[in-house]
Amino acid sequence: MNWMALHDALLDHFGPQHWWPGETPFEVMVGAVLTQNTAWTHVERAISALKANDALSVRAILALPDTELAALIRPAGYFNVKTRRLKALCQFLLECGVAEAPEQLAEQAPLPELRARLLAVHGVGEETADSILLYALGLPSFVVDAYTRRSFTRLGGLTGDESYAAIQRRFHAELPADRRLFNEFHALIVALGKHYCRPKPRCVDCPLLAVCPHAKTLPLR
DNA sequence: AACCAGGAGACAT
DNA sequence: ATGTCTCATGGT
């Protein structure tokens, strides 16, 4: 199948997704950690709580006692784990000298090095690193998530057992390194996943099957 | 009432 | 390198 054609079909079907839902680059970074294996609606409450307590900044988060930070982000789940991860991320930004303007992290190194430095931060795995690179810093690093693997497996573009790195290489090979394209495509894939590629699919009559001729014969898993 | 959500780390194999 | 367990709230 043609991956660019799939993007166009998705855009036509679902319309622009306006991702990432967040007002500032730092808010996007925090959201990237909080949404790990968690529904976005829960993350919104946690971020609202942080805002309501003037805690949505690098220094404010680092200044909060763990128990207080955990209480604020409680609705996002895994609050003890995410408390440590948020602090590790903020500590990293502080040490980079971008505590007041986290978006300036993008000026400090080329994309591959930035990615490696993010991956070295506790609690920042591949998807979180790429989410930060793409949606907070505006750099063309494709985000691969559970929906991406499920949707493309079901549409016939992947076998389903590829590693994260292998899937990302595939996207980078199939598409021009355009940050706006990567932004919209990933968001559209999530929209597709939510509607048609849940673990237990309710509706298998996906209107996008026309773009992916092999999809009809694929087992749903 | 089980199942799941825009994962990552620790640990064993 | 790859597989399994844990972390936790709140929707459907």
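The surface near DNA strand B has 11 nonpolar, 10 polar and 6 charged residues; here Ala, Val, Leu, Ile, Met, Phe, Trp, Tyr, Cys and Pro count as nonpolar, Asp, Glu, Lys and Arg as charged, and the others, Gly among them, as polar. A residue is near a molecule or strand if its C-beta atom, placed from the backbone, lies within 6 Å of it. This is a predicted model, in which local features need pLDDT of at least 70 and side-chain atom pairs count only at pLDDT 80 or more, while totals for chains, interfaces and linings use all residues. Residues are numbered from 1 along each chain as its sequence is written, and chains are lettered from A and ligands numbered from 1 in the order in which they are written.

**The DNA surfaces**

- Around DNA strand B there are 27 residues, of which Q36, N37, G125, T128 and A146 come nearest.
- Helix 8 (126-136), helix 9 (146-155) and helix 11 are the elements that give two or more residues to this surface, and helix 8 provides the largest share, 4 residues.
- DNA strand C is surrounded by N37, T38, A39, H42, R74, P75, G77, Y78, F79, N80, V81 and S163.
- For DNA strand C, the largest share of the nearby surface is the 3 residues from helix 6 (residues 79-95).
- By class, the surface near DNA strand C has 5 nonpolar, 6 polar and 1 charged residues.

**The overall fold of chain A**

- Chain A has 11 helices and 0 strands; helices (H or I, at least four residues) and strands (E, at least two) are DSSP runs, numbered from the N terminus.
- Of the 221 residues in chain A, 35% count as buried; a residue is buried if 20 or more other C-beta atoms lie within 10 Å of its own, exposed if 12 or fewer, and partly exposed in between, with C-beta atoms placed from the backbone.
- Among contacts in chain A with a separation of 6 or more, 66% are between residues 24 or more positions apart; two residues are in contact if their C-beta atoms, placed from the backbone, lie within 7 Å.

**Two domains**

- Chain A is assigned domain 1 (3-16 + 143-217) and domain 2 (25-136), with bounds that come from an automatic or database domain assignment.
- The centres of domain 1 and domain 2, taken over C-alpha atoms, are 27 Å apart.
- Their contact takes 7 residues from domain 1 and 6 residues from domain 2.
- On the domain 1 side, helix 11 (residues 179-196) gives the largest share, 3 residues.

**Helix 2 and its partners**

- Helix 2 (residues 25-34) is largely enclosed by the rest of the structure, because 9 of its 10 residues are buried.
- The buried residues of helix 2 pack against helix 3 (40-52), helix 4 (58-63), helix 6 and helix 8.
- Helix 2 and helix 6 pack at an angle of about 150 degrees with their axes 10 Å apart; axes are lines fitted to C-alpha atoms, for helices over the stretch in contact, and angles run from 0 to 180 degrees between N-to-C directions.
- In this pairing, M29, V30, V33 and L34 of helix 2 meet K82, R85, L86 and L89 of helix 6, and the contact residues divide into 6 nonpolar, no polar and 2 charged.

**A loop residue**

- E100 lies in the loop between helix 6 and helix 7 (111-119).
- E100 counts as exposed because it has 12 C-beta neighbours inside 10 Å.
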